[in-house]
Amino acid sequence: MKNIRNFSIIAHIDHGKSTLADRLLELTGTIEKRKMKEQVLDSMDLERERGITIKMQPVTMKYTASDGTPYILNLIDTPGHIDFSYEVSRSLEAVEGVILLVDASQGIQAQTLTVLEMARELGLVIIPVINKIDLPTARPEEVREEIREVIGSVTDDILLVSGKTGAGADELLAAVVRRIPPPAVSAPVGRRALVFDFEYSSHKGVVVYVRLLDGLFRRGDHLIFAGSKEKFTVLDLGIFAPARRSTETLEAGEIGFLVTGLKNAAEARVGDTIIDPAEPLPVVPGFRPVSPVVWASIYPESQDDFTLLKQALERLRLSDSAISFEEESQGALGRGFRTGFLGMLHLEIVTERLKREFNLSLIIATPTISYHLVDGRTGKEDIIYTPHLFPEDLKNKQVIEQWVEAKIIAPAAYLSPIMQLFYDHEAEIIDTENFGDQRTTLVVMMPLRELMRNFFDEIKSATSGFASLSYRLADRRPADVVRLDILIAEEPVPAFTKIIARRRVDKEAEEAVNRLKELLPRQLFVVKIQARALGRIIASRSLPAMRKDVTGHLYGGDITRKMKLLSKQKKGKKKMKSQGKVNVPQEVFLKMIRNDKK
Ligand code: GDP
Ligand code: MG
């Protein structure tokens, strides 16, 4: 055990975590050079397409120190985007130390501070590392100063590397072995493991990712999940190389996987402790549960797919424990799920995975944050997660909403456009601090609703991409919001209902009808698109009819036949219109959700 080192690489997005991991894998001979590709640990198609890490990825490496001592190094690469911070926090529970990477040209960014805070809370050893020193724009000396300011570490402790060229990678591994402590000594009896992640394999069932805490594990062991009480026999076990590779045993201090053969994906929970029921050791504290930030109702396009959707969500939740969902049903849409996400990117990735990995066609309602409705007379509190369940008339009810504390780091030169955005998004500055080189840290309080209204993208574009942002949930405060309904051919479409700030009603109503007019395919009849709030229609557009040329095949003068056909077409349109059926294609729902106006 004293020759094991467990650590994560953490950083702001794009500071080079996965690329540096590539170099460490090469250096330790874990992956042969000819099999190497860029960011090899980003194995999911979506990760490769988007160039971001979505899931944490453990990998075991063998390393021989300069004095000849052999070590086992378990590294966990983590995502940098704030929507996936639950992956980071769980990975940190499985390790004794972290490499905190900072990009040599960008310096400390908002998410650097957030992940640093997480590592500190757990009392992990932090190795600060400046990456990308090969860049012509690298300014390692200034970044060193910044790191010193926030960590308070001595300058000599800060390493310089390039994940691209491999410079400094050797010294980094030596520092990992020297500075990060080995895992704590295991209990003399029993077996115990912390579950930090899952995977579902259609042949093997539930595969658990574990940090082994005590004892020796073998194939055939009879174990139990202490929380869910589910029993299983270890069918196979091993390490990540980075693909799963079977081993004879796994022992305390190591990171690896256990194949359980369990088929029921719904029972499994990250943070659970696996113990030996014959010699039960105490359960470890587990993880702080996540609180979803946005909610969206998801319905299968065809009700026949309901069970499939349920299964898909359960399986996805195994590999993405930040999703939560609950069954709901509503008139026109039938049965579906109210689903909670950690942000808009998270929502986008999950819905994309549902489509790709499970081949599902879905209707996704406009996402919303949750609102608490407090009855003025009884004091009774209801939580609304679905916009179309929000009352049209608030009568004696008070609406309470979530606020967040957001931290923005930006070059001081961009302060004036940033102030304008703060004003537009109801953000109040509570603290500012000048930061090393001409940059300012701004701490604001704002409604979560406004943060979700594309705040970060707007900040990014107002600062030519130089600003970074992170946030955390703060208190709840009274909200002045109303419900906005969208009607197509006089029928409300529940999936388009939104809850918005009262002061933005007119603007949002106009935007919604204009955008729908652009997106909705023309029908055989004229379609009215309307927005309704506060009991009246506040915006309206007409989508012209598609004119199918029913007389095209007639030429020459037979005017009476032409008239006859045209009047028949008119009747047909009238009939269709009276049925009021306008089919809204799936892409339209998705495009209406994206508020980036693309
Ligand atoms: P992550 O989000 O922290 O995992 O970052 P990635 O490893 O995906 O890298 C983000 C981008 O930075 C990619 O385009 C990499 O090619 C680039 N990059 C990573 N490390 C270096 C480096 O040391 N030097 C240079 N010049 N580019 C790097
Ligand atoms: Mg990455």
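Student: How many aromatic pairs does the count come to?
Tutor: The count comes to 11 aromatic pairs. Keep in mind that this is a predicted model.

Student: Take Trp295 and Tyr385. Stacked, tilted or edge-to-face?
Tutor: Edge-to-face, because their planes are at 65 degrees, and over 60 counts as edge-to-face. The ring centres are 4.4 Å apart.

Student: Which parts does that pair tie together?
Tutor: Trp295 lies in strand β17, and Tyr385 in the loop between β22 (381–384) and β23. The pair therefore ties together parts that are 90 residues apart in sequence.

Student: Are Trp295 and Tyr385 buried or exposed?
Tutor: Both Trp295 and Tyr385 are buried.

Student: What about Tyr414 and Phe466?
Tutor: They form a tilted pair, 6.3 Å centre to centre, with 35 degrees between the planes. Tyr414 is in the loop between β23 and α9 (415–424), and Phe466 in the loop between α11 (455–462) and β26 (468–478). So this pair links parts 52 residues apart in sequence.

Student: Which charged end sits over the ring of Trp295?
Tutor: That of Arg338, 5.2 Å from the ring centre. Likewise, the charged end of Arg244 sits over the ring of Phe257, 5.8 Å from its centre. Phe257 also belongs to an aromatic cluster with Phe196, Tyr209 and Phe240.

Student: Where do Ser18 and Thr53 lie?
Tutor: Ser18 is in helix α1 (residues 17–27), Thr53 in the loop between α2 (45–50) and β2 (57–64). The pair therefore ties together parts 35 residues apart in sequence. Both residues are buried.

Student: Now helix α8. What should it span?
Tutor: It has 15 residues (344–358), so at 1.5 Å a residue it should span 21 Å. The end C-alpha atoms are 21 Å apart, which agrees.

Student: What covers its buried residues?
Tutor: The cover includes α2, β17 (294–300), α7 (306–319), β19 (334–341) and β20 (362–364). Among the buried residues of α8 are Leu345, Ile349 and Arg353.

Student: And just after α8, which residue takes a positive phi?
Tutor: Asn359, at about 60 degrees.

Student: Last one. Which members of the largest nonpolar core touch the most others?
Tutor: Leu92, Phe198, Leu258 and Ile274, out of 63 residues. Apart from that core lies another of 51 residues, including Leu313 and Ile593.

Terms used: Residues are numbered from 1 along each chain as its sequence is written. Chains are lettered from A and ligands numbered from 1 in the order in which they are written. This is a predicted model: local features need pLDDT of at least 70, side-chain atom pairs count only at pLDDT 80 or more; totals for chains, interfaces and linings use all residues. Side-chain values use heavy atoms; hydrogens and water are left out. A nonpolar core is a set of buried Ala, Val, Leu, Ile, Met, Phe, Trp, Tyr and Cys residues joined through side-chain atoms within 4.5 Å. Buried means under 20% relative accessible area, exposed over 50%, partly exposed in between (1.4 Å probe, protein chains only). Helices (H or I, at least four residues) and strands (E, at least two) are DSSP runs, numbered from the N terminus. The expected span of a helix is 1.5 Å times one less than its number of residues. Contact means heavy atoms within 4.5 Å. Rings of Phe, Tyr and Trp (its six-membered ring) pair if their centres lie within 6.5 Å; planes under 30 degrees apart count as stacked, over 60 as edge-to-face and the rest as tilted. A charge sits over a ring if NZ of Lys or CZ of Arg is within 6 Å of the ring centre and within 35 degrees of the ring normal.
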